[in-house]
Amino acid sequence: MKIREVPLVLAMLVAIAGAAQLFEDSFDDGNADGWTEYSNYPDSTDYYVEAGWYHLLVSGCGNANVFSFNGDNEGTTPHQMSIPDYTVFCQVVGFSPTDHVGVVGRMFTPLADEKAYVLWMRYNAQSLELWRHDGPASFSAIATCALPLSYEQVYWVRFDLWGGLLRGKVWQGSFRDEPEEYLLSAYDTTYPDPGSVGFGAHSFDYATNYAAFDSVMVCDPLSLDAGTWGAIKSSF
Ligand SMILES: [Ca+2]
Ligand SMILES: [Ca+2]
């Protein structure tokens with residue numbers, strides 16, 4: 001396990017960003033309370049928090065997925081977001097031989113309907129792809145780009161859902177190393193409701209799907225204008 005605990009970055013961002021923050025979880029309390037776990041093979045899953053990272057696993061099945069969902073509106077199950085436009089940040093690690101590790105926005109309830117936007121890191125295709133999921137086994141790639149991806153490497157992911165404008169970035173290093181340019185973007189208004197945020201792993205083949213996540217932050221885009229964001233990031 002190469003991933004390590006890095007609580008300082010998130011703590012500082014929360015302190016500095018203040019109102020920007022709609023939701024965050026760094027899993028540093030050792031649990032994933034509040035998260036709703038979902039898999040199409042629920043009996044073959046394992047979920048646990050270790051060293052401040054949230055691990056999700058599904059093994060021994062074909063075309064299997066494993067996910068977990070949350071949001072700042074705790075009045076729903078799963079928790080949903082309170083507003084439809086937001087930016088999701090998180091840290092991601094994928095483990096061999098998982099095909100796909102994804103960050104999810106606007107996940108529709110009930111979860112079994114599998115309607116959402118997912119920013120997929122496709123380790124098998126060495127690409128970043130934004131898919132609109134319209135139901136089990138029903139999806140469309142609405143933006144794609146080539147992206148070298150390595151197992152056990154920690155990546156930061158940023159996923160914007162601002163109205164119909166959907167954009168993604170992936171980078172290595174620290175939070176403040178975020179590149180200015182997005183890797184991909186699309187315009188799609190099929191799912192305008194807040195839904196839940198989440199993350200997970202999937203493979204088409206019969207495989208173990210295993211990924212870990214940390215430093216989840218969901219921000220209000222109105223607080224992420226260039227000036228404010230630049231000031232936050234330059235301060236640590
Ligand atoms: Ca917790
Ligand atoms: Ca953590």
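Gln126 counts as exposed, because it has 12 C-beta neighbours inside 10 Å; a residue is exposed if 12 or fewer other C-beta atoms lie within 10 Å of its own, buried if 20 or more do, and partly exposed in between, with C-beta atoms placed from the backbone. Gln126 is found in the loop between β8 and β9, and its phi is near 55°, a positive value in a residue other than glycine. Strands here are DSSP runs of E with at least two residues, helices are runs of H or I with at least four, and both are numbered from the N terminus.

The structure is a predicted model, in which local features need pLDDT of at least 70, side-chain atom pairs count only at pLDDT 80 or more, and totals for chains, interfaces and linings use all residues. Residues are numbered from 1 along each chain as its sequence is written, while chains are lettered from A and ligands numbered from 1 in the order in which they are written.

**Confidence and overall content**

The pLDDT is the predictor's confidence in each residue, from 0 to 100. Its mean over the protein is 90, and 87% of the residues reach 70 or more. Over residues 15-19 the pLDDT is below 50, and this stretch has 4 contacts in the model beyond near neighbours in sequence. Two residues are in contact if their C-beta atoms, placed from the backbone, lie within 7 Å.

The protein contains 2 helices and 15 strands. Of its 236 residues, 44% are buried. Among contacts between residues at least 6 apart in sequence, 64% join residues at least 24 apart.

**The open sheet**

An open sheet is formed by 7 strands in the order β2-β5-β14-β7-β8-β9-β10, with antiparallel pairing. Its edge strands are β2 (36-39) and β10 (138-146), each of which pairs on one side only. Neighbouring strands of this sheet are turned by 20° against each other on average, direction ignored; the axes are lines fitted to C-alpha atoms, for helices over the stretch in contact, and angles run from 0 to 180 degrees between N-to-C directions. Strands of a sheet pair through backbone hydrogen bonds, either parallel or antiparallel. In this report two strands pair if DSSP finds at least two bridges between them.

| Strands | Bridges | Residue pair |
|---|---|---|
| β9 (127-135) and β10 | 8 bridges | Trp131 and Ala141 |
| β3 (45-50) and β4 (53-62) | 6 bridges | Thr45 and Val58 |
| β6 and β11 (155-162) | 7 bridges | Phe89 and Arg158 |
| β6 and β15 | 8 bridges | Val88 and Val218 |

Strands β3 and β4 form a hairpin with 2 residues between them, and Ala51 in the turn has a positive phi of about 50°.

Strand β6 (residues 86-95) is largely enclosed by the rest of the structure, because 9 of its 10 residues are buried. A nonpolar core is a set of buried Ala, Val, Leu, Ile, Met, Phe, Trp, Tyr and Cys residues joined through C-beta atoms within 7 Å. The largest such core has 58 residues, of which Cys90, Val92, Val157, Ala211, Phe213 and Val218 touch the most other members. The largest share of this core, 8 residues, comes from β15. Leaving aside neighbours within four places in sequence, Phe213 is in contact with Trp53, Tyr54, Cys90, Gln91, Val92 and Phe199.

**Loops and backbone features**

A cis peptide bond joins Ser96 and Pro97, with omega of about 0°. Pro97 is placed in the loop between β6 and β7 (100-107). Another cis peptide bond joins Thr109 and Pro110, with omega of about 5°; Pro110 lies in the loop between β7 and β8 (115-122).

Arg106 lies in strand β7 and has a positive phi of about 55° although it is not a glycine. Arg106 is buried, because 24 other C-beta atoms lie within 10 Å.

Ser203 is found in the loop between β14 (196-202) and β15 (206-219). With 21 C-beta neighbours inside 10 Å, Ser203 counts as buried. Ser203 and Pro97 are 106 residues apart in sequence and 8.5 Å apart in space, C-alpha to C-alpha. Not counting residues up to four places away in sequence, Ser203 touches Ala64, Thr98, Asp99, His100 and Asn209.
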